Amino acid sequence: MRKEAEKDVILHVEGISKHFGGLQIIKHVSLTVKKGERIGIIGPNGAGKTTFFNLLTGDLLPTGGKIYYKGKEITRMPNFRRAQAGIVRTFQKNNLLNELTVLDNLLLVLQRKRGMANIWFKPRNARRWLALFEEAEHLLQTWGLADIANERVKTLSYGEQRQVEILLGIAMEPDVLLLDEPTAGMSQAETNYIAELLRQLPKDITMMVIEHDLDVVFGLAERMIVLYNGSIFIDGAPEEVRSDERVNEIYIGKEKAAGASYL
Ligand SMILES: Nc1ncnc2c1ncn2[C@@H]1O[C@H](COP(=O)(O)OP(=O)(O)OP(=O)(O)O)[C@@H](O)[C@H]1O
């Protein structure tokens, strides 16, 4: 890669593979992601999308290949260090503290981010605590969740819980935000809200979104990657992918593809 091109690159994956026993789930995938890119990842069930995310976040270690983040190799860096360094994910499954309020969940994330997790309240730290509350309030206002700030997470609807999860991801101030099916299981209204929220995220956040709702992902991404059978099948502009017959084929089968467009 040329020097000036390298400056724009935030993530570079080189020939990464993942085997589970004898099964090769990710097959020698290479990918270069530029700062601020919004990438949609689609592909049929079992294609390896979540496994690929797990390799980027360090929740799984690859069997082969290398991962570089901001020019440094992170292939074997533990997941929490990657999160601290700015690679943040939201999960398909709920990972909030259900007994606590939305505000408390947010404060815990902010505390950790500011390295205040082990600092008990003392008058001399009052300013820092105040700043923490102000930041939480600002985030809740900005993302339209102030109304539910004092609700316990367990009392929220599924869609609201997913919105809170995304807010916690944003609160980490990610450089790279990985979203795994952010609208799964949501009503149409909730889906629209999340899609809008994601569209409004700061442009400098690099975003990769696994999403089955094609309207959402095509409305958001400026680059689409189709993962199929553990490999990158197509990597291109949304309109290119949308009109590619092979993509229709892997989604709905060869015969139907001749007559109908799934995308
Ligand atoms: N820990 C594991 N051990 C063994 N096999 C696994 C493991 N994790 C995932 N797999 C297998 O790897 C394949 C890819 O799974 P993955 O969840 O990455 O696919 P996906 O594209 O995200 O699918 P979906 O769209 O259904 O979420 C599946 O066949 C799955 O059963």
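This report walks through the fold, the ligand shell and the cores of one predicted model.

**Ground rules**

Residues are numbered from 1 along each chain as its sequence is written. Because the model is predicted, local features need pLDDT of at least 70 and side-chain atom pairs count only at pLDDT 80 or more, while totals for chains, interfaces and linings use all residues.

**The chain as a whole**

The protein chain has eleven helices and ten strands. Both are DSSP runs, numbered from the N terminus: helices are H or I with at least four residues, and strands are E with at least two. The chain has 263 residues, and 32% of them count as buried. A residue is buried if 20 or more other C-beta atoms lie within 10 Å of its own, exposed if 12 or fewer, and partly exposed in between; C-beta atoms are placed from the backbone. Contacts are counted too: two residues are in contact if their C-beta atoms, placed from the backbone, lie within 7 Å. Among contacts between residues at least 6 apart in sequence, 66% join residues at least 24 apart.

**Strands and their partners**

Two strands pair if DSSP finds at least two bridges between them. An open sheet of four strands runs in the order β2-β1-β4-β5, with antiparallel pairing. Its edge strands are β2 (23-34) and β5 (72-73), and each pairs on one side only. Elsewhere, β9 pairs with β3 in the parallel sense and with β10 in the antiparallel sense.

| Strand pair | Sense | Bridges | A facing pair |
|---|---|---|---|
| β1 (residues 9-20) and β2 | antiparallel | eight bridges | Val-9 and Lys-34 |

Another bridge joins Leu-227 to Ile-232 in β10. The hairpin of β9 and β10 has two residues between the strands, and Asn-229 there takes a positive phi near 55 degrees.

Helix α2 covers residues 49-57. Its buried residues are Lys-49, Phe-52, Phe-53, Asn-54, Leu-55 and Leu-56. The helix lies across β1, β2 and β4 (64-69), and runs at about 60 degrees to β2. That angle is taken between N-to-C directions on a scale from 0 to 180 degrees, with axes as lines fitted to C-alpha atoms, for helices over the stretch in contact. Just after α2, Gly-58 takes a positive phi of about 85 degrees.

Which residues surround the ligand? They are Phe-20, Ile-25, Gly-43, Asn-45, Gly-46, Ala-47, Gly-48, Lys-49, Thr-50 and Thr-51. The shell divides into three nonpolar, six polar and one charged. Here Ala, Val, Leu, Ile, Met, Phe, Trp, Tyr, Cys and Pro count as nonpolar, Asp, Glu, Lys and Arg as charged, and the others, Gly among them, as polar.

In soluble globular proteins, nonpolar side chains tend to be buried together. A nonpolar core is a set of buried Ala, Val, Leu, Ile, Met, Phe, Trp, Tyr and Cys residues joined through C-beta atoms within 7 Å. The largest core has 44 residues, and Ile-41, Val-209 and Val-226 have the most contacts inside it. Strand β9 supplies the largest share of this core, five residues. A second, separate core has 14 residues, including Val-102, Leu-167, Leu-168 and Ala-171.

Strand β9 is mostly covered: five of its six residues are buried. Val-209 touches Gly-40, Ile-41, Leu-179, Pro-182, Val-217, Leu-220 and Ala-221, leaving aside residues up to four places away in sequence.

His-28 is not a glycine, but it has a positive phi of about 55 degrees. This residue is found in strand β2. His-28 is partly exposed, with 14 other C-beta atoms within 10 Å.

Glu-173 is not a glycine either, and has a positive phi of about 50 degrees. Where is Glu-173 found? Glu-173 is in the loop between α6 (158-171) and β7 (176-180). Is Glu-173 buried or partly exposed? Glu-173 counts as partly exposed, because it has 13 C-beta neighbours inside 10 Å.

Conventions. Near = placed C-beta within 6 Å.
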